[in-house]
Amino acid sequence: MNSNARHERWIAFAMILPSIILLAIFVYGFIGWTGLVSVSKWDGIQPDYTFVGLDNYRQLFSRVAGGIAATRFYTGLWNTFFFTIFFLLLCVGFGLLLAILLDQKVKGEGIFRTIYLFPMAISFVVTGVVWQWIFAPGTESRPRGINALLGQLGLEHLKWGWYTDPTAIGPFHVALIPVFIAAAWQMIGYTMAMYLAGLRAIPDDLREAGRVDGASGIGVYRHIVMPLLRPITFSALIVLGHISLKIFDLIYTMTGKGPAFATDVPGIFMFETTFQGNHYAQGAAISVIMLLMVALVIIPYLIYSFRQEVEL
Amino acid sequence: MSKKLLWLTTLLVILALSLVACGSTTTTETEAPAEEAAEPTEEAAAPVEEEAAPAEGANQLEFFSWWTAGGEADGLNAMYEVFKQQYPDIEIVNATVAGGAGSNAKAVLATRMQAGDPPDSFQVHAGHELIDTWVVADKMEPVTFIFEENGWMDVYPADVIDILSYNGEIWSVPVNIHRSNVAWFNPQLFADNGLEYPKTFDDFFAAAETLQAAGVTPLALGDNGIWASTQLLETVLLGTLGPDGYRGLWTGETDWNSAEVTTALETFAHMLDYVNEDHAALSWDQAAQMVADGDAAMTVMGDWANGYFTSIGLAPGEGYGYAPSPSTEGTFMMLSDTFSLPQNAPHRENAIKWLTLAGSKEGQDAFNPLKGSISPRSDSDRSLYDAYLQSAMDDFASNEITPSLAHGAAASEGWVTAFNDVMTLFVTDRDVAAAQAGMAQACVDAGVCGQ
């Protein structure tokens, strides 16, 4: 290594040093601090770092008579699970469909692309408020929102309570359906854009070669296009997955915790218990669990992309 | 190429740093004019030395509140105006954080207080929200001396001072009184169905049957965010247990597992049979709108609903009626917004001036008619208040006074949060036994009830 290269390396290090320091303090430092609070006795405005072991976690996971925390937390975890599954399916499914349609060299593609992408430019808070109005069911005599529309279309039998309906099928609360529709509405454009970029990156030769070998239109998609889009599906799932695992703003503004916690998620529980109930230690414990959930998704992705970079 | 990039980044860093530096100079600059303004007056006009003297650093008052819209913002601004007239050289820094009943603002406030950066004064609900959150944590300064210096001990009712007190000291200045056990009804609907407004639970259920048969929602509820249900339940608890029994719930004297509480919960669950199905999607004002439109016969809501009804052009007594919620006549369930004095307030002197104004007759009569609440003072000017507020004044002067749970007067914030969680399940599953067990446990967890 000549002195010039060493010099450059030193400069490179100096350049990233500030962000390393900032990350160390404001990300890892605070993660560590949250972990510390989660095993402390801090309950109330005044910090109290007395070590209590895993008591705060135990409260979240063990149901006791009259205790609500565990009931609420389990409901929130289940809701997160179902929300994530359906949100990802809708986004990937419709995103891919829209991308394939747009890829057919339609006229005015730019306009459609903008229309589909536009919801992404809106904050989740705005989406939440608007969809709260849309899905507000109203009453039998005075339906509101989408129920009023269904009534006018003569689709009376499709009316239901939307996010106010506390019905649960097993651990799945039907009130979640409007919520993941709203979330998917916002993010479908994003997956569409990713898929569209992916489709455009596939050389026409490959498709033609497929056709020459006798593949039908669907066959070309199944055997050539889809496998080549796999990395894009993977990235989309990771990006959307971590959004849905820590979703807060959309649900908070749209439905809150919902009837009998039908639309509750750990993020809302964390906010309420910490900043309304002043149970800081319990809030920290929920945060740590949320971090672990997201880590389960992100870490494999990081390993995967790191490996790819090494291969390159 | 990479060198160019390097220079560009360095340039950006320098730019950023200088921006930061500018930021700090602007803050010192805001402090500077006050000093500069003070000095020239001293030299130019020697006789007015007194006026120039108080300028010490930035002469500010930073007040933290979540009143940002509607009548409450108007009321606060009216109080600001009075303050500016009295102290023209004090600059009011309005540290408002918008949003609902202040849950967002409270999160910001907690962070600032914990970081040792308190505002000079902040808005806080009277009672346990003030005491259990801030006073017990040793973050507040008592304001008893302000009460004594201004002779307020005689004009504020003992029940109110009691709710504000802890360890023999008063901890904040109440600026208004709201009542939570009010039923707002549609007089036309009651007349059409040949009904009187129900004074007891039995009358309520009888009237509700008739109304429901007539195709009217008997009771409108908008419990988006659950607190409206908690507030409805507190009025039912009061109606069932009476004022003393109700007060005892929050001190451990009334047993949460008692049969009376069971009765109250059953009454509440039964009431829900007469509530609009979409209550979870509505806010309290949408429920009030149902009453105004004649879709629902009544709604139980705090008396800020009065401001809502007048704002949509209805006249009290004609477009809407009001009465104590069923079985609670003779009791005034109160909540109060108060202004406080944090320890180490940066401009303590100004905060004391502000609190003195906020508790004065002049300040309160400027604020309350606009906010739509009454003054806790017994000597306020009745002519400034509308018909409903005058009737509330009469009741406040003559009734028993009990603290509201849903609005932080009766119990600590942690307790209220736990209670709200119990309510979230109870409103849906209506399981009285489970709700009662949950409420009893919440009392234990709050450290008030024994195991």
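## Exercises on chain B of a predicted model

Among contacts in chain B between residues at least 6 apart in sequence, 77% join residues at least 24 apart; two residues are in contact if their C-beta atoms, placed from the backbone, lie within 7 Å. The model is predicted: local features need pLDDT of at least 70 and side-chain atom pairs count only at pLDDT 80 or more, while totals for chains, interfaces and linings use all residues. Residues are numbered from 1 along each chain as its sequence is written, with chains lettered from A and ligands numbered from 1 in the order in which they are written.

**Exercise 1.** State the secondary structure of chain B and its share of buried residues.

*Solution.* Step 1: chain B comprises 18 helices and 14 strands. Helices (H or I, at least four residues) and strands (E, at least two) are DSSP runs, numbered from the N terminus. Step 2: of the 451 residues in chain B, 48% are buried. A residue is buried if 20 or more other C-beta atoms lie within 10 Å of its own, exposed if 12 or fewer, and partly exposed in between, with C-beta atoms placed from the backbone.

**Exercise 2.** Describe the side of chain B that touches chain A.

*Solution.* Step 1: this contact involves 37 residues from chain B and 33 residues from chain A. Step 2: helices H1 (2–44), H4 (103–114), H5 (128–135), H17 (413–429) and H18 (432–445) of chain B each contribute at least two residues to the side that touches chain A. Step 3: H17(B) gives the largest share, eleven residues. Step 4: by residue class, the side of chain B that touches chain A has 14 nonpolar, 15 polar and eight charged residues. Here Ala, Val, Leu, Ile, Met, Phe, Trp, Tyr, Cys and Pro count as nonpolar, Asp, Glu, Lys and Arg as charged, and the others, Gly among them, as polar.

**Exercise 3.** Locate the two domains of chain B and characterise their contact.

*Solution.* Step 1: domain 1 spans 60–178 + 336–402, and domain 2 spans 179–334 + 404–445; these bounds come from an automatic or database domain assignment. Step 2: taken over C-alpha atoms, the centres of domain 1 and domain 2 of chain B are separated by 27 Å. Step 3: their contact takes 23 residues from domain 1 and 26 residues from domain 2. Step 4: on the domain 1 side, H5, helix H16 (387–398) and strand E14 (400–403) of chain B each supply at least two residues. Of these elements, H16(B) provides the largest share, five residues.

**Exercise 4.** Determine how far H5(B) is covered, and by what.

*Solution.* Step 1: eight of the eight residues of H5(B) are buried, including His128(B), Asp132(B) and Trp134(B). Step 2: the buried residues of H5(B) pack against strands E3 (121–125), E4 (165–166), E6 (172–174) and E13 (337–340), and against H17 of chain B.

**Exercise 5.** Why is Val236(B) classed as buried, and which residues does Val236(B) contact beyond its neighbours within four places in sequence?

*Solution.* Step 1: Val236(B) is found in helix H10 (residues 227–249) of chain B. Step 2: Val236(B) is buried because 25 other C-beta atoms lie within 10 Å. Step 3: leaving aside neighbours within four places in sequence, Val236(B) is in contact with Ala264(B), Thr267(B) and Phe268(B). Step 4: Leu189(B), 47 residues from Val236(B) in sequence, is 23 Å from Val236(B) in space, C-alpha to C-alpha.
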